[in-house]
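Reader: I have a structure open and would like to go through it with someone. Can we take it piece by piece?

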Amino acid sequence: MSMMERIKVRALVSVFWRSKQTMLSAVNGFQATEADGVWHLLRGIEGAEDPKVRATLFEHMIEEEAHAEAFGLVCREESAQAFVPTFYEREDIFPTGTPIWKLIAYVHVGEVDATARFGVLRDALPPGRLKEALKTIVADEEGHIDLTHDLLLELGASEAEIRKTYRRVRLRRAWEGWLRSGKRIVNWVAVTLLSGVYFVMAPFFYRTARAKLRQNTVEYDNNRLKGAQ
Amino acid sequence: MNVLGISYGYHDASATLVVDGQIVAAMAEERLTRQKHDAHFPTYAIRHCLSVGGIGTEDLDKVVFHEDPHTKFTRVITSSLAPFPHSRREFVNSAKSWLGEKLWALNTLSARLDLDPAKITYVGHHFSHAAQAFMGSGFERSAILIVDAVGDWSSTALYTGEWVDGRPQIERVTEIAFPHSLGLVYSAITAYLGFRPNDSEATTMALAAFGTPRFADVFREIIEAKPDGTYTVDQRYFNFANFYKGAYTEALVEKLGPARESGAPLGLDCLDPDAAISEEDQRFADIAASIQCVLEERILGLCGTLHTAAQTENLCIAGGVAFNCVANQRILDESAFSSLYIPPDPGDGGTSVGTALFAAAQAGDLTPSGLCHGAYLGKSYEEAPTLEMIEHVNPTHFRRYMKVGVDAAQNNNWKVERFEPEDGLSGLCAAVADRLMQGELVGWFQGNFEMGPRALGNRSLLARPDDFDAARRLSTLVKNRAPYRPYAFSVTDGDAQALLDIPADQVRFHRWMQLAVPVRPEAAKMVQAALHVDQTTRPQVCFAEDNPRYHALLSAFGERFGKAVLLNTSFNPSGYPLVATPEEALVMFARTDLDVLVLGDAMITKVRPD
């Protein structure tokens, strides 16, 4: 992880995470990312033919599931509200039939990133539940880095092929990161614009809206197949 | 004709494929994504449905969406404008979500399925519930009651359904508009009680059995009955149009007292009904009992109106409130209806079934009885690859990842026994029944997973029904389940009436765990670990023609125990949907105190150290 990113993470913790809600929202996101990893590993197990590879992925998956639960537990214990987990839309990283080692390479690069990010976070956090959870998780993720690399070697890939694949995966993840950043910007613009729309439009329509909500029955025709027949 | 029904966008996305009038496959997306109530586009459910049908999207003749996105959009925007100037966040988030994606759901369907838009149709949300309720019922004519949180605009809808010249006709009697909603009030009280709304309403219902309805008059005032059997909800107590402020208002807190914090201890236990209950816990239980009581009263009022309009003894029920098994039983006991049908998944997850069947029936000459379907409509998996994998898995590896409280040292080694498929069933069932008799906890994984949230013998956790210790172990070391939530049991049709206080003509209503009924006093001890504190249970009556393997297991256990009955609960860790794949089942076996896992014809057991 670059120095800039380390500074960013420390600033995040010391400034933004003073708000418990912001912190819990981020932890909920970690939970969702780990759970997403579990799901991809499950898909990998379904796709892998060699029972030994399946077993390795299975063992790995159990650890990731425990990590997702550890983050979820932090959310549950720190919040007065009932915990509502964040969900991502599931999407296969590779099309069905792609050799399993490509998924393992993708997982490996993810583990490297997660280890670095969670490690910095662990060091920056004050003592507490999240710090304790991260200690275990970072130790596990470090093990996963070696595990996935060794698995790729076991599957017959050469060091050169592996390094090439890692580079491709890093490029892909960087692109995905840019897309996420782009979405965040679009989201910010949309929130600003729609807030403007609200304050311009709502004064003219809120009375009509209130009147509509006072109606007790529904009269419009919704009792047939609509659209193309 | 190939028809695909689809629901997604709010919660419980699902897909159903109907080919020539028969359901080929139907499932909720959550099972394939491991995200409970997953609302995302049901990519994987659709993919699997098409794969079972052996067709591609180009072979689809019609796709039916479960709601009218344009009407729903007007409701969402209207409700976010009404609280002006205090609803900016609500408006912005709603508008962003709807303008960004949900409003264009029909275009999304067309694009993601690469399908001619002319093949895409839709129905109103409550109409899709009505179709879901009526189409699988087998009734020639029926009243239809739909009660949930909110659909396009309505929250409650009353219909009549009838087959006329081989076509289903579903006509509206009346629809109650949002924000007057029984489902939303129940969800708001669920939030008030510290549980997760839109998920844990069953917990509120469970809590109700510990209380007395001393706050019922408060709720009768809040949900006012009208002379025509309908109701209105006093909005001063709720934020249905502005839920970022919280589901309920200070006015409700003034009426009922302080709300319960999520995660605060609640000292109620189904397995120990005589335990002392604190005053505060009793208040929460009484509030739950009160909302449950008034919900039932208002539903009975709706049933009266519906019976007068429909002039039939048959009733179909759907919508989220149809998961309330206590209210369902009260309808059967106290309304004028004598015959009841509730589909296996009466919530949004089941709307794809109804819409697909309705569209297929509109196009063909299907008979009502030909459309009856069971609950085992999900995906099935080969167990062999998992069993091969197990040979390479080291159970001691999981010791660090056991669920809290489980003795890791117990997870040393696993033993796999395979039973030959020819005569394997009797051998397997005998072996499993012996284990159950010894108080062991069994994960039972067979065939296609169930449609709907109930474990009906294909993804079930099983235990001896009279064994408190087994039930406690199941709650604390396997399911992480609150002690105030009761277990239920499965019983064969042959033994159902010996245990349950139900008439013979109602036994079939209990196939899918949708009604709470009293257990005969003389049989209570035999099923004491699967009873609620009021001595009721939500049974599954298993018929051999519905699920022969599970029926055989129940019978094998019955030979040893005296009655063919087993404590049965859903095979899922807390917070997850029912397991779908054998690997998911194995994870739960590995990390919890489950003693036995049955995958198809194989039995995996933990070899405990001496």
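Reader: Read along the sequence, what pattern does chain A follow?

Author: Chain A follows the pattern α-α-α-α-α-α-β, with 6 helices and 1 strand. Helices (H or I, at least four residues) and strands (E, at least two) are DSSP runs, numbered from the N terminus. Before going on: this is a predicted model, where local features need pLDDT of at least 70, side-chain atom pairs count only at pLDDT 80 or more, and totals for chains, interfaces and linings use all residues. Residues are numbered from 1 along each chain as its sequence is written, while chains are lettered from A and ligands numbered from 1 in the order in which they are written.

Reader: ok. Why is chain A said to be more spread out than a compact globule?

Author: The radius of gyration of chain A is 23 Å, well over the 17 Å that the globule rule gives for 229 residues, so chain A is more spread out than a compact globule. That radius is taken over C-alpha atoms, and the rule is 2.2 Å times the number of residues to the power 0.38. Along the principal axes, the C-alpha atoms of chain A fill a box of roughly 70 × 55 × 30 Å.

Reader: And what share of chain A is buried?

Author: Buried residues make up 33% of the 229 residues. A residue is buried if 20 or more other C-beta atoms lie within 10 Å of its own, exposed if 12 or fewer, and partly exposed in between, with C-beta atoms placed from the backbone.

Reader: I clicked on Glu49(A). Buried or exposed?

Author: Glu49(A) counts as exposed because it has 9 C-beta neighbours inside 10 Å. Its place is in the loop between α2 (20-47) and α3 (51-78) of chain A.

Reader: How far is Glu49(A) from Arg90(A)?

Author: They are 41 residues apart in sequence and 23 Å apart in space, C-alpha to C-alpha.

Reader: Switching topic. How many residues of chain A are in contact with chain B?

Author: 49 residues of chain A are in contact with 65 residues of chain B. Two residues are in contact if their C-beta atoms, placed from the backbone, lie within 7 Å.

Reader: Which elements of chain A give two or more residues to that side?

Author: They are α2, α3, α6 (159-214) and β1 (226-227) of chain A. α6(A) gives the most, with 13 residues. The residues on this side of chain A divide into 27 nonpolar, 10 polar and 12 charged. Here Ala, Val, Leu, Ile, Met, Phe, Trp, Tyr, Cys and Pro count as nonpolar, Asp, Glu, Lys and Arg as charged, and the others, Gly among them, as polar.

Reader: Which strand of chain B is joined to β1(A)?

Author: 2 bridges join β1(A) to strand β5 (residues 120-122) of chain B, and the two run antiparallel. Two strands pair if DSSP finds at least two bridges between them. Lys226(A) has Tyr122(B) as its bridge partner in β5(B).

Reader: What about other strands in chain B, say β7(B)? How is it paired with β8(B)?

Author: β7(B) and strand β8 (residues 167-177) of chain B pair in the antiparallel sense over 10 bridges. Val164(B) stands opposite Arg167(B) in β8(B). This hairpin has 2 residues between the strands, and Asp165(B) takes a positive phi near 50 degrees there. β7(B) is also joined to strand β6 (residues 141-147) of chain B by 7 bridges, again antiparallel. β6(B) and β7(B) form a hairpin with 6 residues between them.

Reader: How many residues of β7(B) are buried?

Author: 8 of the 11 residues in β7 (residues 154-164) of chain B are buried. For helix α7 (residues 182-192) of chain B, the count is 11 of its 11 residues. Just after α7(B), Gly194(B) takes a positive phi of about 90 degrees.

Reader: Last one. Which residues have the most contacts inside the largest nonpolar core?

Author: They are Leu4(B), Ala130(B), Ile144(B) and Leu145(B), in a core of 260 residues. Helix α11 (residues 279-310) of chain B contributes the largest share of this core, 14 residues. A nonpolar core is a set of buried Ala, Val, Leu, Ile, Met, Phe, Trp, Tyr and Cys residues joined through C-beta atoms within 7 Å. Leaving out residues up to four places away in sequence, Ala130(B) touches several residues, including Ile144(B), Tyr159(B) and Ile170(B).
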